[in-house]
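The paragraphs below go through the structure in two steps.

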Amino acid sequence: MEALRIKAVRKKFGPLEVLKGISLDLEEGDFLVLLGPSGCGKSTLLALIAGLEDITAGEIHIGDVIANDLHPRDRNIAMVFQSYALYPSMTVHANMAFGLKMRGVSTADQDEAVKRVADMLDIGHLLERKPGQLSGGQRQRVAMGRALVRDPMLFLFDEPLSNLDAKLRVQMRSEIKKLHNRLQTTVVYVTHDQVEAMTLATKIAVMQAGEIQQYAPPEEIYNRPANAFVAGFVGSPQMNFLPGRLERGNGDPRLRIEPANGATECTIPIGSLVESSLGNGEEVIVGIRPESIRPAGSSSTFTFDAAIELVEMTGADTLATFILGGHEMMARLPAEEKPALGDRIGLSFDPASVHLFDRHTTVRLN
Amino acid sequence: MAKSLQRTKRIHDWVAYGVAIFFLFFGLAPIVWLIITSFKSEGEIVNTVLTYYPHNPIATNYVDIWRQSAFPTLMMNSLQTTIMTVVICVTVGTLASYSFSQYRFPGKYALLLFYLVVRMFPAVLMIIPLFLIMRFFGLLDTSLGLALAYTSFLLPLFIWMMKGFFDALPPDLEKAARIDGCTRIGALVRVILPLVRNGLAATAIFVAIASWNEYLFALMLTTSSGSRTWPVGLQLMIGEFQLPWGLLAAGGVISIIPVVILFALVQQTMVRGLTSGAVKG
C-alpha cells in the first residue's frame, strides 16, 4: 500500500515559488530521504506533509486520505526536529506522553507506551529528568522516542542529526537504520548530508530549486545520476567534470576532451557507451568519479600520465589532485599509493564508468 | 610609575562612588522626606524650625486619611483600574506579541512600527481625542474607560517587551506541539507560556505599576469619586485654604506600598526577564 502520495504540489511564499510541482509516491515501509542543498525546498516539502504550512496547489495523500486540509494532529504523523523541540518545562516522560495525552489516551496506556519505547531506546533512566539536564545525544533519543510512542503512519525527520558531533552522528545514524529495519516504519527524512542519504534511504529524492532532480534508490542515484547536478551533489569527493565533444569517425566513437590553459588535447575511446542516436560533434559534459580512477596497470582500457598537484591522505585512502587536458581532477587512490608532489604517474579508468551529460540541458546521455 | 597609576585609579573610584551616591541621594531623598513627614504632627511640619526627623512621631496622619477621607475608595478604584488594564494588556498583548514574533503576515512590520510611533507623541496630545471618544461611548468617568485609555500607551509597550521573550524561543516548539495534537492557541497555552512566564510576570507588573501611578489621564477622564484614582484624589485634597501635608504624605506612603511589595516579589525575575528578553539569551 502507498503510505504517501504527493501530486503536483506547489508552494508559494508571496511571489516566490519554493516548490514547483513535486510528485512522488512512497510505499509503506520505505525510507525516503529528501536530499539537496540549503534552500532547495526540502524542508518546506516536509512542512507541507506535516501540515505546518498550507499547500498552494496539488494534493498530498497520507495513507488513503487526502491530507490537504487536515490539521497536523489528524494526519497520523510524528516528527523529529533538528532542534529536537523538546518541551523544556516538562519531564522526559511528559514530553513523550504529551501527544498521547492530547489524544485522550488513558494514563495507564500512556505509561505503558512510554515505558516500551523508553526501553527500546535505552532512555528508561532519564524519564524523570527535564530536557535541560540531558546531553545532545540523549535529547535526540528522547525526540525520537516522542515520535515512536505514537506509532504513526508516517515519521518525518527534519535534519535530526545536524546538531550532533561527528562521532555521535554516525552512531545515531546506525541506530536509526537499525530501528527502521526492525520496525519497518515509513519515514520521510530531510538532510543535506549525502552520506546520511546514501546509508539510510531506500529511496532518495534529490532536490534543487524547488524541483525533484531524480527520485530513485540510492544505488541508482550514485551509479546512474539523472543529470549533472545529481552527479555532482552525490559522492565525495565530488565527481570530476570535463567539457568534451563526441567524435564518430571511422571505428569506435571517442570523446575529445576540450583542453584548457593551452594543454594538449586528449581523447578517450568509449566503445559502445553511448546510444547511436548521439550525433557527431555533440557537446557533452564528461563525468568521472574520483573512485573510478585507478593506478595504471590494471585491466582498464584507458591509461594516461598526469602530474600530481596535491596529495591528501585520509588514512583509508589517498586523494590525489592532478591535471588532465588542462582541467583539475581528483582521484581516490588506495592508501598504499603515495605519489610525491610533481610526480608524473600513470593513471587509468574504465571508459564504461564514464558518465555523459548534455552540455546544455545537463541531462544524462548514457 | 606604578604608584601614580594606583593613585589615579583610586581617584577614579572615589569620583565614581561620588557620582553614584549623589544620584542615589537625589532620587531617594524625596521619598525619605515623604516618609519622615508622614510621621510628623501638623505643628511640627509647618514650624519655622526645620526638623530632620519627627521629634514626636505620631501615626494620626495614617489613621485620619484612612478613616476620615475617601482614600480607601480611591485605592479601591485604582486597584480596579489597574487590574482591568493588566487583564486587557496580558490577554490582547500576549496574543499580539506572539503573532508578531512567530508568524508572517502582511503589514507586520508597519504595525509594529506604528506602535512605536504612538509612543513618540506626548500623552497630552491624546487626551482631548480620547476624552471625546470616551464621552461618545459613555465610558467617561468609569474604571473601564480609564483602563482602556491606559492600554492605548501601555499595550504597545507590553507587545514590544513580550515580543523579545517570544523571539528567544525556538520556533520548532509550536510545530512540535501542533503535531502532538494542539491547536495554535493550545500550543501557546500549554507549551509556550510556561516558558515565558517570568517575562510575562515582569511585563505585567511593569504595566501594573505604570497604571497604578498614572496621573494625567486619570485627572482628565474621571470626574467623580466613583472612578477617581488615588493620585488624582490625593491632589484634590489640596484645598484653597488648607494644605494637609501630613495627610498627603501618609497617603503617598500608603500608595507606594503595593508597588514596593510587587517589586520586591518579582525584582529578581523582573531584572532577569528584562535582560534575557533583550539579548535573546
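This is a predicted model: local features need pLDDT of at least 70, side-chain atom pairs count only at pLDDT 80 or more; totals for chains, interfaces and linings use all residues.

A residue is called buried here when its relative accessible area is under 20%, exposed when that area is over 50%, and partly exposed in between.

Chain B is divided into domain 1, residues 2-38, and domain 2, residues 60-279. Taken over C-alpha atoms, the centres of domain 1 of chain B and domain 2 of chain B are 33 Å apart. Five residues of domain 1 of chain B are in contact with nine residues of domain 2 of chain B. Between domain 1 of chain B and domain 2 of chain B about 470 Å² is buried, and carbon and sulfur atoms give 75% of that area. On the side of domain 1 of chain B, the residues B:L34, B:T37 and B:S38 supply 84% of the area buried against domain 2 of chain B, more than any other three residues.

Which kinds of residue make up the side of domain 1 of chain B that touches domain 2 of chain B? Three are nonpolar, two are polar and none is charged. The interface of domain 1 of chain B and domain 2 of chain B has zero salt bridges by the rule, while two residue pairs are in polar contact between domain 1 of chain B and domain 2 of chain B.

Salt bridges are found elsewhere. Side chains of opposite charge can pair when their charged atoms come close. Over all chains the count comes to 22 salt bridges.

One of them joins the side chains of A:E159 and A:K42, at 3.8 Å from N to O. A:E159 lies in the loop between β7 (154-158) and α5 (166-183) of chain A, and A:K42 in helix α1 (residues 42-50) of chain A, so that the pair, 117 residues apart, links distant parts of the chain. Both A:E159 and A:K42 are buried.

Another salt bridge is formed by B:D180 and A:R150, with the closest N and O atoms 3.4 Å apart. This pair crosses between chains: B:D180 is in the loop between α8 (172-179) and α9 (184-213) of chain B, and A:R150 is in the loop between α4 (136-149) and β7 of chain A. B:D180 and A:R150 are both buried.

A further salt bridge, at 2.9 Å from N to O, connects the side chains of A:E258 and A:R359. A:E258 counts as partly exposed because its relative accessibility is 23%, and A:R359 is partly exposed because its relative accessible area is 23%. Salt bridges that share partners join A:R245, A:E258, A:E283 and A:R359 into one network.

Note on methods: Residues are numbered from 1 along each chain as its sequence is written. Chains are lettered from A and ligands numbered from 1 in the order in which they are written. Side-chain values use heavy atoms; hydrogens and water are left out. Domain bounds come from an automatic or database domain assignment. Contact means heavy atoms within 4.5 Å. Buried area is the accessible area (1.4 Å probe) that two parts lose on being put together, summed over both. A salt bridge is a side-chain nitrogen of Lys or Arg within 4 Å of a carboxyl oxygen of Asp or Glu. A polar contact is a pair of N or O atoms within 3.5 Å; within protein, one must be able to donate a hydrogen and the other to accept it, and residues adjacent in sequence count only if both atoms are side-chain atoms. Ala, Val, Leu, Ile, Met, Phe, Trp, Tyr, Cys and Pro count as nonpolar, Asp, Glu, Lys and Arg as charged, and the others, Gly among them, as polar. Helices (H or I, at least four residues) and strands (E, at least two) are DSSP runs, numbered from the N terminus. Buried means under 20% relative accessible area, exposed over 50%, partly exposed in between (1.4 Å probe, protein chains only).
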